[in-house]
Amino acid sequence: MSSGFQYYTPTRVIFGKDAEQQTGELVKEQNCKKVLLHYGGGSARRSGLLDRIEKSLAEAGLSYVALGGVVPNPRLSLVYEGIELCRKEGVDFILAVGGGSVIDSAKAIGYGLANEGDVWDFYDRKRKPQACLPIGVVLTIAAAGSEMSDSSVITKDEGGIKRGCSSNACRVKFAIMNPVLTMSLPAYQTACGCTDILMHTMERYFVNGGGMELTDSIAEGLMRTVLKYAEILRDEPGNYDARAEIMWAGSLSHNGLTGCGIAASDFSSHALEHELGGMFDVAHGAGLAAVWGSWARYVYRDCLPRFEKFAVNVMGVEAGEDAQETARRGITAMENFYRRIGMPTSLKELGIAPTGEQLAELAHKCAVACGGKKGSAKVLQEADMLQIYRDSLG
């Protein structure tokens with residue numbers, strides 16, 4: 001195993017049907033004076049969820065102000081608006097109602113309120129946040145795992161620059177998870193979420209260096225669970241048990257559990273996708289699926305034992321004549337899974353056709369964002385990133 005690890009997951013989880021009815025009392029326990037109710041589009045209102053939450057807050061005697069408008073690949077401009085609103089209204093607690101984009105936006109607002117200076121500095125790696133306003137979550141999308149992670153990703157409007165910031169300061173106080181709230185999601189969004197969940201564990205699985213058998217077993221079990229229930233949800237979107245399995249997998253995939261005792265993490269696929277999201281505003285999970293196969297074929301020889309193990313233990317393929325053939329079969333099996341749930345396996349299938357100049361810009365921005373290099377399965381430089389983008393064109 002690696003030389004050691006720290007595992008820190010302070011978030012209280014309230015999981016099950018009608019869990020959102022406890023929102024008011026959970027917020028009240030935080031001893032706050034005024035709440036920012038932060039959410040995305042009109043679906044939260046149309047579904048009646050916001051009404052139920054507002055009623056719960058009112059019954060708990062809590063004052064609140066609302067700010068909607070969060071979009072996928074959440075924008076820095078709305079973060080600035082939220083910071084200004086919270087300062088004006090004296091907000092001391094943020095309640096995020098939505099998925100990863102809403103939670104990430106709430107975290108950024110929390111950073112901006114609890115630290116001096118421009119909040120973008122934290123995402124631009126110029127400074128590290130020292131604190132964050134306390135945050136609670138009512139989760140409506142199983143995907144990003146932001147409800148239990150230390151990470152937040154924001155897109156700067158000018159230039160479409162998408163960057164992440166990780167700090168334990170932003171870990172949320174509580175996460176309310178009712179799988180029923182995810183049943184109204186379009187099939188494509190559900191599939192994107194399942195892809196993101198898988199990727200969060202694969203980014204910790206495809207690494208070189210020390211590991212732990214127990215952690216590997218947890219990671220493999222989680223991935224097999226998502227593979228199984230993603231296809232069930234494709235055919236039965238109202239299946240509560242399948243929704244529950246996927247929702248809990250989303251949290252466990254990105255709260256650090258599947259990385260305990262692992263010497264490193266990779267996250268190259270995420271880095272590559274972040275630039276696609278910044279430039280083309282694509283759905284995060286779909287962007288990940290579109291580049292993963294090309295990344296995997298580019299790096300697998302440098303991480304062969306892990307890819308071989310993945311092929312057999314997760315994808316259930318028959319071993320080939322040698323480890324390389326087995327690994328390739330596992331990669332193909334994963335791409336076939338993406339296709340079965342309606343995910344793209346190339347940029348063409350994703351619906352974008354970057355020019356050669358745009359590919360070079362993507363690779364350069366990715367390298368800059370990563371400090372020049374990224375990866376553990378294989379360390380990627382800018383030229384490697386460019387080749388993977390080219391291989392992903394389809």
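Which residue in β3 does Lys34 stand opposite? The legends below start there.

**View 1. Strands β2 and β3 run parallel in this predicted model.** Lys34 stands opposite Ser63 in β3. Strand β2 covers residues 34-39. It is joined to β3 by 5 bridges.

**View 2. An open sheet holds 6 strands.** Their order is β1-β8-β5-β4-β2-β3. The pairing is parallel. At the edges lie β1 (12-15) and β3 (63-67), and each of them pairs on one side only. On average, neighbouring strands are turned by 20° against each other, direction ignored.

**View 3. Helix α4 packs on the sheet.** This helix spans residues 76-89. It touches β2 and β3. The direction of α4 makes about 160° with that of β3.

**View 4. Helix α13 has 18 residues, 323-340.** From its first C-alpha to its last, α13 reaches 26 Å. That is close to the 26 Å expected at 1.5 Å a residue. After α13 comes Gly342, with a positive phi near 85°.

**View 5. Buried residues of α13 pack against other helices.** Among the buried residues are Thr326, Ala327, Gly330, Ile331 and Phe337. Their partners are α7 (187-205), α8 (213-235), α11 (284-299) and α12 (304-313).

Methods: Residues are numbered from 1 along each chain as its sequence is written. This is a predicted model: local features need pLDDT of at least 70, side-chain atom pairs count only at pLDDT 80 or more; totals for chains, interfaces and linings use all residues. Side-chain values use heavy atoms; hydrogens and water are left out. Two strands pair if DSSP finds at least two bridges between them. Helices (H or I, at least four residues) and strands (E, at least two) are DSSP runs, numbered from the N terminus. Axes are lines fitted to C-alpha atoms, for helices over the stretch in contact, and angles run from 0 to 180 degrees between N-to-C directions. Contact means heavy atoms within 4.5 Å. The expected span of a helix is 1.5 Å times one less than its number of residues. Buried means under 20% relative accessible area, exposed over 50%, partly exposed in between (1.4 Å probe, protein chains only).
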